[in-house]
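The following note sets out numbered points on the model shown below. Each point is meant to be read beside the sequence and the coordinates.

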Amino acid sequence: MPQDPSTGNAGARRATALIADDEEPMRQQLRSRLREAWPGLDIVAEAANGIEAVALAGLHQPDIVFLDIRMPGLSGIEAARMLFNRCHLVFVTAYDQYAIEAFEQGALDYLLKPAGGERLKTTCARLQTLIGRQPSNIERQLGALLAAQNRPGSPGPAKPEYLRWIQAQIGANLRMISTREVLFFRADEKYTRVQTEQAEVLIRKTLKELADELDPDEFWRIHRSTLVRVDAIEGVTRDLRGRQMVKIRNFPEQLEVSRGNTHLFQQM
């Protein structure tokens with residue numbers, strides 16, 4: 001019977017793992033959930049792209065590599081083709097059901113973002129039984145999956161991957177906020193204010209960093225100090241001074257549009 005991964009094995013070498021994801025909040029979220037699901041697992045390194053993942057795996061020789069599918073440099077699938085015979089692989093994906101079915105048919109292990117819960121516990125329990133064993137030869141499955149994702153119209157990594165999760169420290173707790181929950185971001189001295197319908201939190205990431213990392217089709221910079229999620233905009237009016245003001249859905253405050261950004265609303 002496999003040992004409960006939460007207990008570890010006092011007499012055995014501790015298993016090691018590498019986490020590869022281009023979003024730091026997602027790396028931290030997975031590290032935290034793994035600490036809960038498998039306290040005996042050592043995370044020996046983290047990579048921000050596929051090239052780093054391959055290099056760090058060569059340096060640290062981890063037993064397991066958790067690979068985000070969409071990463072710059074090399075995608076998770078491309079990196080996996082260089083690593084599959086050296087370590088056990090788990091893909092971390094935000095793909096839709098079509099892509100998940102492709103993983104299941106190829107017998108490739110995957111976790112859905114944000115990883116956690118019973119699925120992660122099951123994965124950790126399975127991985128524990130594989131430590132010390134030769135990784136399976138999944139070259140054929142990887143090749144087929146890569147070809148399928150590169151096919152026109154497939155949900156593969158054809159477009160840039162944008163920031164999807166915001167990490168906010170609230171007291172001693174780390175909260176992960178989906179960008180779909182955000183109404184707007186506003187610069188606030190050394191911090192950035194993140195406003196959702198339910199709460200307001202402060203993060204240390206600058207507005208410029210956010211503007212570079214968010215999908216420009218989903219978030220518009222209406223002012224040098226404000227980024228707004230487009231589908232949270234209820235309407236645009238002019239105040240008595242002639243300024244354009246954005247009305248946000250389910251939020252009482254209106255946000256000013258700077259003169260240089262009024263063109264965003266010419267068709268509205």
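**Notes on the predicted model**

1. Glutamine 61 is partly exposed, with a relative accessible area of 48%; buried means under 20% relative accessible area, exposed over 50%, and partly exposed in between (1.4 Å probe, protein chains only). Glutamine 61 sits in the loop between α2 (50-60) and β3. Helices (H or I, at least four residues) and strands (E, at least two) are DSSP runs, numbered from the N terminus. Glutamine 61 has a positive phi of about 50 degrees although it is not a glycine. Most residues other than glycine have a negative phi.

2. On the basis of the note: this is a predicted model, in which local features need pLDDT of at least 70 and side-chain atom pairs count only at pLDDT 80 or more, while totals for chains, interfaces and linings use all residues. Residues are numbered from 1 along each chain as its sequence is written, and side-chain values use heavy atoms, with hydrogens and water left out.

3. The chain has 268 residues, of which 47% count as buried. Its secondary structure comes to 7 helices and 15 strands. Among contacts (heavy atoms within 4.5 Å) between residues at least 6 apart in sequence, 56% join residues at least 24 apart.

4. Threonine 16 belongs to strand β1. Threonine 16 has a relative accessible area of 13% and is therefore buried. Leaving aside residues up to four places away in sequence, threonine 16 touches Leu41, Asp42, Val44, Gln61, Pro62, Asp63 and Ile64. The partly exposed glutamine 61 of the opening point is thus among the residues that threonine 16 touches.

5. An open sheet of 5 strands has the order β2-β1-β3-β4-β5, with parallel pairing; two strands pair if DSSP finds at least two bridges between them. At the edges are β2 (42-47) and β5 (110-112), each of which pairs on one side only. On average, neighbouring strands of this sheet are turned by 20 degrees against each other, direction ignored. Axes are lines fitted to C-alpha atoms, for helices over the stretch in contact, and angles run from 0 to 180 degrees between N-to-C directions. Strand β4 (residues 88-93) pairs with β5 over 3 bridges in the parallel sense, and threonine 93 has leucine 112 of β5 as its bridge partner.

6. Helix α1 (residues 24-37) lies across β1 (16-20), β2, β3 (64-68) and β4, and runs at about 170 degrees to β2. In helix α3 (residues 76-83), the buried residues include Gly76, Ile77, Ala79, Ala80 and Leu83. They lie on the same side of α3, because they cover an arc of only 160 degrees around the axis; the arc is that of the directions from the helix axis to the C-beta atoms.

7. Which residues line the largest cavity? They are Ile19, Ala20, Asp21, Met26, Gln29, Leu30, Val92, Lys113, Pro114 and Ala115. The volume of the largest cavity is about 50 Å³, and the count comes to 2 cavities of 30 Å³ or more. On a 1 Å grid over the protein atoms alone, a cavity is a set of points where a 1.4 Å probe fits but cannot get out, and lining residues have an atom within 4 Å of a point. Grid points are joined across faces, edges and corners, and a volume is the space filled by probe spheres set on the points. Helix α1 gives the most to this lining, with 3 residues.

8. Strand β6 (residues 165-170) runs antiparallel to β7, and 6 bridges join them. Alanine 168 has arginine 175 of β7 as its bridge partner. The two strands β6 and β7 form a hairpin with 2 residues between them, and glycine 171 in the turn has a positive phi of about 65 degrees. Arginine 180 lies in the loop between β7 (173-178) and β8 (182-188) and is exposed, with a relative accessible area of 61%.

9. A further open sheet, of 3 strands, has the order β13-β14-β15 and antiparallel pairing. Because β13 (233-238) and β15 (254-256) stand at the edges with a single partner strand each, one side of each is left without a neighbour in the sheet. Asparagine 250, in the loop between β14 and β15, has a positive phi of about 55 degrees although it is not a glycine, and counts as exposed at 54% relative accessibility.

Conventions:
On a 1 Å grid over the protein atoms alone, a cavity is a set of points where a 1.4 Å probe fits but cannot get out, and a pocket is an open set with protein on both sides within 12 Å along at least five of seven lines; lining residues have an atom within 4 Å of a point.
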